[in-house]
Amino acid sequence: MTRIALCQIPVSPDPAANLKRVREALASAEGADLAIFPEATLTRYGRRITTLAEPLDGPFVSGLADAAREHGLAVIAGVFEPGDDRVHNTAVAIDARGELKAAYRKIHLFDSFGAKESDLVAPGAEPAVVELAGLKVGLITCYDVRFPELARALVDKGAELFAVIAAWGSGPLKEDHWVTLVRARALENTMWTAAVGQAPNPAESSDGFGVGRSMLVDPLGVVRSDLGTGPGVRVVEVDQEWTATARAMLPCLEHRVL
């Protein structure tokens, strides 16, 4: 069993306030091996990301590493990293010793529903699987979840769990899309999937980011835990023996032709 803390926090424009919320969430994640935080945990989306982006050895990621080491658990969280002309939307993976093990730059940018993330963010190019808390974790960021070929590439790289982090936008059918897509990626790959989104932040509600609905989905697409819309931390369990059982019943990965 691997115990995962789904850390559904509201995100502020202020990185210091967000780092404080991360520390508070980790203090509530007793017994977890891995804590997962949302996309854009560094700062809330907006043009500010170009000035608040930090290198991976900057104060925010260093603060995440210190907190991971202090609490003795691995951490995944979303940050913005300076690039050449635009920033990168980066998921960092830090182990329980506080060492940065991977930095995944979001590949699929959210140029949809009237938004244009690519104005501010440069796309990444490489899928990432990282070993944390005894599991090989495939990293997926928000809009990426709409692209099943990325999830399948992570399977081919040996992923045993998908970690999906998001600052999902609100709007007609959007919450339904989130739930459907997370369950689909779990089911079609018979893969445990831990998906964590930002909680709504009433102080910043005009931008529409954050619908909550962080969840753990099992390899047959069953939602084992759903945090709803409010902020919260919930520790859930991933059982790799159930993965083997599910894949014996539904050997779709073995049946692949393409």
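**Close-up views of a predicted model**

At 1% relative accessibility, glutamate 39 counts as buried, where buried means under 20% relative accessible area, exposed over 50% and partly exposed in between (1.4 Å probe, protein chains only). This is a predicted model, in which local features need pLDDT of at least 70 and side-chain atom pairs count only at pLDDT 80 or more, while totals for chains, interfaces and linings use all residues. Residues are numbered from 1 along each chain as its sequence is written, and side-chain values use heavy atoms, with hydrogens and water left out.

**View A. Glu39, Lys106 and Glu117 are linked in a network of salt bridges.** A salt bridge is a side-chain nitrogen of Lys or Arg within 4 Å of a carboxyl oxygen of Asp or Glu. Lysine 106 meets glutamate 39 at 3.1 Å, N to O; because lysine 106 lies in the loop between E5 and E6 and glutamate 39 in the loop between strand E2 (34-36) and helix H2 (49-52), the pair ties together parts that are 67 residues apart in sequence. Helices (H or I, at least four residues) and strands (E, at least two) are DSSP runs, numbered from the N terminus. The side chain of lysine 106 also forms a salt bridge with that of glutamate 117 (2.9 Å, N to O). Lysine 106 is buried, with a relative accessible area of 2%, and glutamate 117 is buried at 7%.

View B. Arginine 69 is partly exposed at 44% relative accessibility, as is aspartate 66, with a relative accessible area of 38%.

**View C. Strand E7 (residues 135-141) is mostly covered, with 6 of its 7 residues buried.** Strand E6 (residues 129-132) pairs with E7 in the antiparallel sense over 4 bridges, pairing requiring that DSSP finds at least two bridges between two strands. Within this pair, glutamate 131 has lysine 136 as its bridge partner. E7 also pairs with strand E8 (residues 161-166), in the parallel sense over 5 bridges, and isoleucine 140 has valine 164 in E8 as its bridge partner.

**View D. In helix H4 (residues 148-156), Leu150, Ala151, Leu154 and Val155 are buried.** They cover an arc of only 150 degrees around the axis, which puts them on the same side of H4; the arc is that of the directions from the helix axis to the C-beta atoms. The face turned away from this buried side carries the exposed residues Glu149 and Asp156.

Methods. A crossover is right-handed if, with the strands pointing away from the viewer, the path from the first strand over the helix to the second runs clockwise.
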